[in-house]
Amino acid sequence: MTKSARVGLYLDPEIIVRNSGYLEALRDRIGLNWVILTFNGKLPPEVLAHSPYDSVPPSPARVRELIAYHLDGQPCTDDLTVALRGVGPHVSASTPQKDAEMRQAIAMCHAAGLDVWFMAGMYTAHESLMFCPGNKENERWYEAYYTHLATAYGVQGIDITHARFPKTSLPRGIFLCACAACTQAATELGYDMEAMRSDIAHALTRFKQLTLKQLSTLATNTLGPLDALHFVGLRPGLLDWFRFRADLIARNMKHFHTVVHQAAGPDFVFGADNYPASLSLFAGHDQTRWGEFSDFASPLLSHVDAFPMKTWAAWAQQFQVWFPQLPEAEALQLAYRLGGYADLDLPDNLADFALGEPDSEYRHMPLREIVRSDMAKAKLYLPEGLPAYPIIQGGGAPWDWPLPTVQQLMADALDLGYAGYIFQGTRVLMDYDLK
Ligand SMILES: [Zn+2]
């Protein structure tokens, strides 16, 4: 453990309150400096007044007005369960007891000499459920919610998660959001929704016309930045789509960053975690712009199964739907290539992914190399001088990584110039009998 590394950890208030002495043990044994606390407090009426919901719980019809829509006009999902549980997007109904417990947890962190940041959600809620990033009523809600979090509890920061489009393992998420509000937002940002829609359709048609020999060549050869685009045409709407989505996230985040700093002062920390670098533009994250709207960066690398692995699997399966004759090994190779991971030694069959198994991330996967590759890429993209902390698995959230791999990645982070790291779970790092 290098003394100068900043060490953060995600925690729930309940765990802190139930386990007196735990924070001190984390501080003394793994060098913990700050806690990123799940917000589960009770919002006051003046914040709830900004909820875009029509009632609690909201009507499904109202939720459908607030969620994202694909380029083909279909809603992002028909499963509104998670949205229907809340008092507004990303906020569940809470009780005064929970609020008191959360305030106690904050006091305990401060007493242990630790900073507290709240973790709060944004656009993507669960699987393919996404609240529309162009919707002004959603924007007013996030603004009121984040301002309240920044000013009502005496915390030092807010860490936004899911300020992005759905994870890349849900291929249809790449085609969100093209609703009327986003069409308007596109115009404001200098884009043409209809041109993007038609150029993407053109690119998909071209791609589906590839021969197996061309696909094989594409899968097995090192590509330059424009090589893949040869196959789908170079119409501007295709690239504009990725620029537009990243621009929209950046514009909105910049707005929230300004509003929160106006309310909580210049020293308050406000920012968002970032999607694994190789895939981040597919989720609307342009990491080179992170310093425009975030006071820190935290590449989210702790979910190797959910982000890269399931993406490779889903993309390979999609390629095999389009090209039934394409062998699985080549479909996977193509997914690795287009995802930016083809230089790693990755499995040539899906069974070896062992998805759902506790050791899936390292049974046949080069875990350290996958995480290190995205750590290195993020460092390359992120603005110099922006404090950055990769999020890695400390054990148990949900899987355990082997301790030597965790230690190796901690060293990798510091070697690459990160200011520290943030853990999800600490089970492999530290024995502690949690109540
Ligand atoms: Zn929209």
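Predicted model: local features only at pLDDT ≥ 70, side-chain atom pairs only at ≥ 80, totals over all residues.
**View 1. The whole chain.** You get 17 helices and 12 strands here (DSSP runs numbered from the N terminus: helices are H or I with at least four residues, strands are E with at least two). The radius of gyration is 22 Å, close to the 22 Å from the globule rule for 435 residues, so the chain is as compact as a globular protein of that length. That radius is taken over C-alpha atoms, and the rule is 2.2 Å times the number of residues to the power 0.38. Along the principal axes, the C-alpha atoms fill a box of roughly 65 × 50 × 35 Å.

**View 2. The open sheet.** Eight strands line up as β10-β9-β8-β5-β2-β1-β12-β11, with parallel pairing (two strands pair if DSSP finds at least two bridges between them). At the edges sit β10 (297-299) and β11, each pairing on one side only. On average, neighbouring strands are turned by 30° against each other, direction ignored; the axes are lines fitted to C-alpha atoms, and angles run from 0 to 180 degrees between N-to-C directions.

**View 3. Strand β5 and its two partners.** Five bridges pair β5 (residues 115-121) with β2 (residues 34-38) in the parallel sense. Another parallel pairing, also over five bridges, joins β5 to β8 (residues 157-161). In that pairing, Phe118 stands opposite Ile158 of β8.

**View 4. Strand β12, wrapped up.** All six of the six residues in β12 (residues 420-425) are buried, so the strand is largely enclosed by the rest of the structure. Buried means 20 or more other C-beta atoms within 10 Å of the residue's own, exposed means 12 or fewer, and partly exposed is in between, with C-beta atoms placed from the backbone. Four bridges tie β12 to β1 (residues 6-11), running parallel, and here Gly8 has Ile422 as its bridge partner. Strand β11 (residues 391-395) also pairs with β12 in the parallel sense, over four bridges; Ile392 partners Phe423, and Gln393 partners Gln424.

**View 5. Ile158 in the core.** The largest nonpolar core has 133 residues, and Ala68, Met130 and Ile158 have the most contacts inside it. Such a core is a set of buried Ala, Val, Leu, Ile, Met, Phe, Trp, Tyr and Cys residues joined through C-beta atoms within 7 Å. Setting aside neighbours within four places in sequence, Ile158 is in contact with residues including Trp117, Tyr146, Val260 and Phe270 (contact: C-beta atoms, placed from the backbone, within 7 Å).

**View 6. Lys42 in its loop.** Look for Lys42 in the loop between β2 and α3 (45-48). Lys42 counts as partly exposed because 17 other C-beta atoms lie within 10 Å. Not counting residues up to four places away in sequence, Lys42 touches Ser94, Thr95, Pro96, Lys98 and Asp99. Ser92 is 50 residues from Lys42 in sequence, yet their C-alpha atoms are 9.0 Å apart in space.

Technical notes: Residues numbered from 1 in each chain as written. Contact = placed C-beta atoms within 7 Å.
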